[in-house]
Amino acid sequence: EIPWEAIRYLIADANYGGRVTEHPDNRLLRSYCNDFFCPAALQPKFMLSSLPTYYIPEEGTLQSYRSYVRDLPMTEPPEAFGQHVNAEISSALEECQVLLSTLVGMSGASGGGGAGGSIADKVMQVCESLTTSLPDEVDYDDIRERTADQGASATIVVLMQEIERYNKLLRQVRDSIKQLQRGLQGFVVISEEQEQVMHSLFGGTVPQSWLKCYPSMKPLSTWTTDLTERIDQLNQWGLFGAPKVFWLGGFTFPTGFLTALLQTSARKNMISVDTLSFEYLVQGHDESAIANAPKEGSYIRSMILDGAKWDTNGGCLSEPEPMMLYAPMPIVHFKPVAKKKATMEGLYQCPLYLYPVRTGTRERPSFMIWVELKSGAVDGSFWVKRGTALLLATA
């Protein structure tokens, strides 16, 4: 008898899996091993994917194996790995973005003296536009007084911390713009950091020094609009009370807000926060249909599904439409409940990421939590191979 379980463990967790440090990647490796190393693999022409091209050839001569390899396509379609056809589109878009960014960088760096003047003029215009479009700082002292009676609340602590971070970012951006304008006018020497800011503004991108508060891949114009919406959420919360539905992507540290929800529930029910976890109850898309905030936890909006779409009628994950790389996720109720023994039958542990760069950076990981969603007519490993994930932002 073949010890399939031991073989799968040796490959997915010891030999190869031991070199895979990221849990989502290791989970994908285990899914492939479960599909390929099984009793059915001993049957004639065991299919390795949904495509008829990929199968285990029957025992034959060396020439028959050569013929089989020769007939394999030169480039593998996404279906060969259990992925959706949209994966090929995503890959092509990323390659195109890298190429265009490189070309823009080369053209910006090759300008001579005449071009330097035009660069300075354009950057000055961008600085003036940013100065008028940037939102005002949140009134920290006013909101602290308004929420003084809730000072011990974990969510209010998160609110005040978020206000401090965003105010610091706004001050930094304004100071950076002011110093750059003075440098372009010849009043001060432009430092190396200010030169990097200048080239970023000329190229329509966000300077790296402005991204320390929260990561973003948005172009400058969209980033400014997004920043305004983030400040608006904090102002609405601080001045008029907690909203019925929260925009989780509007926080600099979304995990801090989720932890605060667990702490609030733990204090309310006088239990240890370690005994709580989230239950994820999917609501509808219409925010106006929600009358009041939930008694426990919070409603979360504006999450995006990557690699799947949500079937509203079936209440589960389903195949995305061709050419539709992202799909909106309905409002989800993050409800604190007592931890219970996990039963993953019919469920998919969907990773929630801060933004599309799933690896994040060494200082700021992109992965946050696992969100349990109904997998529909297929098991969870199907969506693992699809790379299905939730995002708080598409850029």
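Glu 279 lies in strand S2, where a strand is a DSSP run of type E with at least two residues, a helix is a run of type H or I with at least four, and both are numbered from the N terminus. This is a predicted model, in which local features need pLDDT of at least 70 and side-chain atom pairs count only at pLDDT 80 or more, while totals for chains, interfaces and linings use all residues. Residues are numbered from 1 along each chain as its sequence is written, and side-chain values use heavy atoms, with hydrogens and water left out.

**Glu 279 and its surroundings**

Glu 279 counts as partly exposed because its relative accessible area is 31%; on this scale, buried means under 20%, exposed means over 50%, and partly exposed lies in between, with a 1.4 Å probe and protein chains only. If neighbours within four places in sequence are left aside, Glu 279 is in contact with His 333, Phe 334, Lys 335 and Val 337, contact meaning heavy atoms within 4.5 Å. Between Glu 279 and Gly 297 there are 9.5 Å in space, from C-alpha to C-alpha, and the two are 18 residues apart in sequence.

**The four-stranded sheet**

An open sheet with mixed pairing is formed by four strands in the order S1-S3-S8-S2, and two strands are said to pair if DSSP finds at least two bridges between them. Its edge strands are S1 (245-247) and S2, each of which pairs on one side only, and the twist averages 40° from one strand to the next. Helix H10 packs on this sheet and touches S1, S2, S3 and strand S8 (332-338), with a direction that makes about 110° with that of S2; such angles run from 0 to 180 degrees between N-to-C directions, and axes are lines fitted to C-alpha atoms, for helices over the stretch in contact. Strands S1 and S3 run parallel and are joined by three bridges, and Trp 247 has Arg 301 in S3 as its bridge partner.

**The five-stranded sheet**

Another open sheet, with five strands in the order S7-S4-S11-S9-S10, also has mixed pairing. Strand S7 (326-328) and strand S10 (367-374) are its edge strands, each pairing on one side only, and from one strand to the next the twist averages 35°. Strand S9 (residues 347-353) runs antiparallel to S10, and seven bridges join the two; within this sheet, Leu 347 stands opposite Lys 374 in S10. Helix H2 (residues 23-36) lies across S9 and S10 and runs at about 150° to S9.

The axes of helix H7 (residues 154-184) and helix H9 (residues 220-240) come within 11 Å and cross at roughly 145°. The residues that make the contact include Leu 159, Tyr 166 and Val 173 of H7, together with Trp 223, Leu 227 and Trp 237 of H9. The residues of this contact divide into twelve nonpolar, two polar and two charged, a sorting in which Ala, Val, Leu, Ile, Met, Phe, Trp, Tyr, Cys and Pro count as nonpolar, Asp, Glu, Lys and Arg as charged, and the others, Gly among them, as polar.

Most residues other than glycine have a negative phi.

**Cysteines**

A disulfide is a covalent bond between the sulfur atoms of two cysteines, and here the term is given to a pair of cysteine sulfur atoms within 2.5 Å. By this rule the count comes to zero disulfides. Cys 38 is in no disulfide, and the nearest cysteine sulfur, that of Cys 33, is 11 Å away. Cys 38 is buried, with a relative accessible area of 14%, whereas Cys 96 is partly exposed at 38%.

**The chain as a whole**

The secondary structure of the protein chain comes to eleven helices and eleven strands, and its C-alpha atoms fill a box of roughly 80 × 65 × 40 Å, taken along the principal axes. Of the 395 residues in the protein chain, 38% are buried. Among contacts between residues at least 6 apart in sequence, 66% join residues at least 24 apart.
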